[in-house]
Each structure stands twice: as C-alpha cells, then as structure tokens.
Amino acid sequence: MRHQTPRSVTLTLRPNENWRGLRAGQFVGVSVEIDGVRETRTYSPAGSEHAAGGALELTVSTHPEGRVSRYLRDRARPGLIVGLAPAEGDFVLGDPRPERVLLISGGSGITPVMAMLRTLCDEGFAGEIGFLNYARSAELALYGAELGLLAERHGGLRVARGFTRGGGLPFTGRFCREHLRAVTSEHATATTFVCGPPALIDAVRAVWAQDGLPEPLVESFTPPALRFDTAGAVGRVSFAASGREAANSGLPLLEQAEDAGLAPEHGCRMGICNTCSCVKAAGTVRNVLTGELSSAGREQIRICVSVPVGDVALEL
C-alpha cells in the first residue's frame, strides 16, 4: 500500500483461486464492508496482464462524496479482505496487438491505460507507444517516476504530461492538436485509447473528426448527464421482497428504491458494472442510456439506468 498523492491510495490485491483474470483496460467491482453495510464500486486495475501471481494493482483517487474511495485511502491495511467481481469491459488492447498505440488519459483515467502500457512493455512490444496524460497539478499526477523509467527503457515509448492548473512540461493546459506532436509521429495511423473526463474525450473526438479518422476507443469514469420526466411519471413501484411500495417518481429504480428506504447493492451508477442488476417481475421500463423499452415478464435489469413506465414490480 502506498500514497502517490494526498488524494489517492495504491493497493496491491492478491486474488484467490476463484479469480479468472482480466485484460488490460477492463474494470472490476470491488466490495468492502463499511459500518456494517456492504458497498461496491468499480475500479480499473493499473497493473499488467502479466503481473506475478495474478496480482491486481488498484490506484483509487478520492473525492468529497467518495465513501468507498475515502475508506480505502484512510483505513485500508495489509490483510484487508475485499470482494472482487469478474472483470468486465471492452476498453482493451486488441489481439494481435496494434502496430502503433496512442494512450491519452486525464485524472484517474490513467489507470486503465497504465495497465495497457505495462502490459505492452512486459510483452516486449517493438512498436511506437505514445502516452499523453493530464493532471490538475504536479502534486496530483500519478505514476510520474515509473513513466520516466519506462520511457528510458523502451525506445519506442514517448511520454508527455500536462497540468491543467499549473505549469507543466512540455506543455500547460488542456488537450489540443499540438500536444500530440510530443508523443507520436503520426496519430492518424495509431490505435488510440482515451480515458478521462468528458471534456477530454470530446476534445480528442473533435480532432479525430476534423481529420476524418474513425473515433478512438474511449472510456469515461464520469456518469453521463441524464434527464428524467419526473413531472409526467405515473404508476406505482412495488418492491416484493420488502413489501414496500411507492408512487413512481420518474427517477431510475435504484434511486426510487433508496428513497423507499432500501439499500440495493450498486457500483458505478452508470449502467456499466451490473452490480445493481435485479429481477423485474412485471411492468415496463425504459433504459435511460438508449431509450429502449422493455416489457418482458421476468427479466434482469440494471436498476441504476432503468426508469419505470407505469406500474413496475421489482424483487427487492
């Protein structure tokens, strides 16, 4: 366990024999018990696919409302037991590996691309790798020393960092086309992975669109901004296992369950990790990400992104 910055903690986990491994870039659900309540959050391990003994490295950055992240930063100790869900996600290196790779990240989005970089280095990747990372300041930048060492050891790796709220080398400020020249000879032919806040992803997409290039593979740790028709909501939501019932507020079913005094397991709250998945016994729901309606009888739904359309019954 180590603290790279005042707002983060880096943990090494030793999975038991039930662990089935992961691909660099994927995320896992991590469960801990806090004050008698089991809490689950999703994190992208930062270690190589080839780490000795299948060890997982998690670098967790905190924020003011981060109950689990603050717990891990402040109270994690050797011997702590956590739960691990199977690895998920399509934000992964291709197989076979691309000939040229460009990794762009911001903030805590560095973790999955760090896993990709470490994996490529462990495999003796002979192609060009560009690693472009943004942090608010030098104090909050992760993996600085290791990135420097990797760049010295691997001739094809070029690393550049920018600080959006302070001086940085070789540049200061947010992503723009000129920054690409610090890490790649030709971004148009590189397989590009971008992970970070929406503003970074949008800026990269804009440059790629201007150049007529296919969109890079992206992942964001920020829940999408969603709108709900709370004024037009009708019907009632019933929670069969608990015997509770409430008027449909128009919010996602996870929030409605919490408003009813229930505490369903959940993780990302953005429709990725499936931790909140439960059985809908009856009714119609709308997926707020896709707009798709589903009226099937008994089905598993992700209640963090499912809004009831009329009466809905859940097995909660």
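This is a predicted model: local features need pLDDT of at least 70, side-chain atom pairs count only at pLDDT 80 or more; totals for chains, interfaces and linings use all residues.
**Notebook: hairpin, sheet, helix pair**

I started at the hairpin of S12 and S13, where four residues lie between the strands and Gly243 in the turn has a positive phi of about 75°.

Next I looked up how the two strands pair. S12 (residues 236-239) and S13 (residues 244-247) run antiparallel and are joined by four bridges. I picked out Phe239, and its bridge partner in S13 is Arg244.

Then I went to the sheet. I found three strands in an open sheet, ordered S3-S2-S5, and the pairing is antiparallel. S3 (37-43) and S5 (83-84) are the edge strands; each has a single partner strand, so one side of each has no neighbour in the sheet. I checked S2 (residues 28-34) against S5 and got two bridges, in the antiparallel sense. Across from Val30 I find Leu84 of S5.

Last entry, on helices. H2 (residues 110-122) packs on H3 (residues 144-153) with the axes 12 Å apart and an angle of about 30° between them. Angles under 35 degrees count as roughly parallel, so I put H2 down as roughly parallel to H3. I also noted the handedness: H2 passes H3 in a left-handed crossing.

Which residues make the contact of H2 and H3? From H2 I listed Ile110, Met114, Leu117, Arg118 and Cys121, and from H3 Glu146, Leu147 and Leu150. I sorted the residues of this contact by type and got six nonpolar, two charged and no polar.

Notes: Residues are numbered from 1 along each chain as its sequence is written. Side-chain values use heavy atoms; hydrogens and water are left out. Two strands pair if DSSP finds at least two bridges between them. Axes are lines fitted to C-alpha atoms, for helices over the stretch in contact, and angles run from 0 to 180 degrees between N-to-C directions. Angles under 35 degrees count as roughly parallel, over 145 as roughly antiparallel, 65 to 115 as roughly perpendicular and the rest as oblique. A crossing is left-handed if the near helix is turned anticlockwise from the far one by less than a right angle, and right-handed if clockwise. Contact means heavy atoms within 4.5 Å. Ala, Val, Leu, Ile, Met, Phe, Trp, Tyr, Cys and Pro count as nonpolar, Asp, Glu, Lys and Arg as charged, and the others, Gly among them, as polar.
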